[in-house]
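Subject: Structure for you to look at

Hello,

Here is the structure I said I would pass on. Please open it beside this email and follow along.

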Amino acid sequence: MIKNYLKIAWRNLLRNRLYSIINIGGLAVGMAVSFMLLLYVYNEFSFDKFNVNDARLYQVMRNQPSNGELMTSTATPVPMAPALSKDFPEIEKIARTNWGYDILMNYKDKAVKVNTLSADPSLLDMFSFDFISGTKTNALKDMSSIVLTESGAKAIFGDANPIGQVIKLNNQFPLKVSAVIKDNPKNSSFFFKALISWDQFTAEQSWIKTSGWGNYSFQTYALLKPGVSLASINSKIKYTVKRYDPNNKENTIFLYPFSRLHLYSDFKNGISIGGNIDSVEKFLYLAIGILLIACINFMNLSTARSERRAREVGVRKAIGARRFALVQQFMGESLFMSFLALIIAFVLILVSISWFDDIIRIKLAIPYTNIWAWAIALGVTIITGLVAGSYPALFLSSFKPVKVLKGQLINTKAAALPRQILVVLQFSFAIGLILYSIFIYKQISYIKNLPVGYDRNGLVDMPDEGAMDTKFESFRLDAINAGAITDGALTSGSITNDQSSSWGITWQGQLPGEDKLPIDQMAVTYHFVSTYGLKLIQGRDFSIAYPTDSSAIILNEAAVKLMRFKQPLGQIVKYQGKECKVVGVVQNFVWGSPYEPVKPAIIGFIKGWTGNVGLRLNPARSISASLATLQSIYKKYNPQYPFEYKFADEKFNAKFNNERLLGTMSMIFTCLAIVISCLGLFGLASFSAEQRKKEIGIRKVLGASTGNLWLNLSMEFVVLVLISFVLGALVSGYLAHAHFTKYIYHTPLSAWVFILTLFLSLTICLLTVSWQAIKAAWTNPVHSLRSE
């Protein structure tokens, strides 16, 4: 019997090839897209959860008062870890790390930049690292040891065995490779290629040994003992800073689950309010929505075509077929098509996942061994098949053979209503996506076109490393004389990213408590303003002609406003432990998030703090020619280091990656949702034309033109799309408004977006249904009105 059902199902597929391809293909594409989105969601929710001690791993966080609010950060001082370990026995292990950065590794004649993390050896006991060679017990036992990841070892040694080999850090500090570990998973917060001990780090950076409680420049991780209550330990450690550093007694600390930080990294007044989870949830809803409209489309097309099999049901019942047998057959056919769609969807995922990886810039892996993933896929397939088969199975099988064979079918409007509701749901989702995607791109364009306060064009950043710090002025003059640049400056970091803040800053007329406010800071040397194209409102740039500039600062407008200086030039501000004179005021420039107001900032002349080289390329020459000239000059002064650079405009644009990803994904999947929805509309138009063929024939006999018939058939779908537009516009408008109000600077919800979307929706609708409408209008009425 099952074999017979399969034969009938296969013959029906072949008999209606076009509808079979559309039906199964639409469901397969919907499944593939939805499952890939769910892979991304799964990757984000499983971030950092691979650690064996995940439930007991925490990051030490700091709350600091600022302008009446609490600012939360992961930055902690060097003494924090020893103090917590000594005072609180609930903490089993604790480890400090720096932020990790690229360091030159020299091996024989080879020099490679490798991302290197410095950490206490206890880090290896707290987190899960898979050792290929060596053991975690001895990996960082000696401060002159270094642990490499697989890719790090291959970059330096190729296929040779690295264990026991000696490499030089920055061509100065010899380190012996003690272990090799597997690369950190892609969904890990650690992305280092090399790991060195904290003692080695402090030996290389001697100032760290004397770094006190006022320098919040590192990260601290804690492993709690089993059974320790998070609330209890947080109440105990809260005032640790006050106990050791009374000058900063307002600062409090707390432990936060390490694996939670990736998704919930945004804090307001010390309380987690979200983060990446906002985008991940949107992709989850997008995946569910696309899967739903694919299933709705499958059900619409399946039920629309099933009407044509009413006589088959009547004949089979007339010759003795039982209703249960008919139910089995229709359900089996529907499940058969669903599983065909699942197989095709899996093939589509295998083919297109690399393309999807490129879009989201994450390497996803199909969880072949995850039983829940397979269960969800099979569950969706079975439910879709059963629901889609339920109409023909239960409804058509209930027909009286006599009525069916006489052509006395069901009430057309009653039969069409469920499908019309489903089509409205489909198009509401698609229209909502169109609107939301347009608003996202409109928001990105709006923010990117706001003035940033400096000239990004032709601005290049390079790392200040090796001999560049001491030979920069010679390098700068040679590059200017060669026509490669117009100016250059040393800074503590790129102007595209806020770097650090300082407090304990005092000035005349300061109100009580203002010395505790953190103020953004950037350390620079000469030529800063001219290099970055900042607009000087008052005063001047730092200059070699003024020896006293070693105790000079430049303020931005926000800092002048904070300090309430009516005449800022010449004012004395105590900054970094010395009296500094204000020599200039610059226009506010976007340093941190472009979505937030510019914060007060101090630009201080501090040699030795710099880590970045900013260069203004000569606009009179081509970029490639200028870079080639810079490379040759760079190699003259810093031959041991590779010539590396990044354009400031690219780094600035990276600030919009999350919004751009959301917009790109929404736009791509909007197009897919529209295609799938149109297939459903096409199926409903086909069903409507089939049901109304006698009506159309009578209208033609009475003189109706093709245009009149097309309009008559199309209007019912135009009404459906208008209803869908109202629903989709309401939902997307609400969501877009809720999304944008999180930002101080945001684009308005313009009326033209809604008008354009309505026009596109109606155009798509009419193009989709016109084929069926015109085809029905051209049908010879003789065929539709002949006696049954």
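This is a predicted model: local features need pLDDT of at least 70, side-chain atom pairs count only at pLDDT 80 or more; totals for chains, interfaces and linings use all residues.

Start with helix H16, which covers residues 468–481. The helix has a kink of about 35°, and the kink is centred on Ser474. Five of its residues are listed as buried: Met468, Phe472, Phe475, Arg476 and Ala479. The elements that cover these buried residues include strand E16 (485–491) and strand E25 (612–617), and helix H19 (623–637) is also among them. After H16 comes Gly483, which has a positive phi, near 80°.

Next, find Asp461 in strand E15, residues 459–463. Is Asp461 buried or exposed? Its relative accessible area is 3%, and buried means under 20%, so Asp461 counts as buried. The Asp461 side chain makes a polar contact with the side chain of Lys651, at 3.3 Å. Setting aside residues up to four places away in sequence, Asp461 also touches others, including Ser494, Tyr532, Asn612, Glu644 and Tyr645.

Last, go to Gly26 in helix H2, which runs over residues 17–45. Gly26 has a relative accessible area of 4%, and therefore it is buried too, by the cut-off of under 20%. Which residues does Gly26 contact, leaving aside neighbours within four places in sequence? They are Ile21, Ala294, Asn297, Ile676 and Leu679. Asn297 is 271 residues from Gly26 in sequence, yet their C-alpha atoms are 7.5 Å apart in space.

Regards

Definitions and conventions: Residues are numbered from 1 along each chain as its sequence is written. Side-chain values use heavy atoms; hydrogens and water are left out. The bend at a residue is the angle between axes fitted to the seven residues ending there and the seven starting there. Helices (H or I, at least four residues) and strands (E, at least two) are DSSP runs, numbered from the N terminus. Buried means under 20% relative accessible area, exposed over 50%, partly exposed in between (1.4 Å probe, protein chains only). Contact means heavy atoms within 4.5 Å. A polar contact is a pair of N or O atoms within 3.5 Å; within protein, one must be able to donate a hydrogen and the other to accept it, and residues adjacent in sequence count only if both atoms are side-chain atoms.
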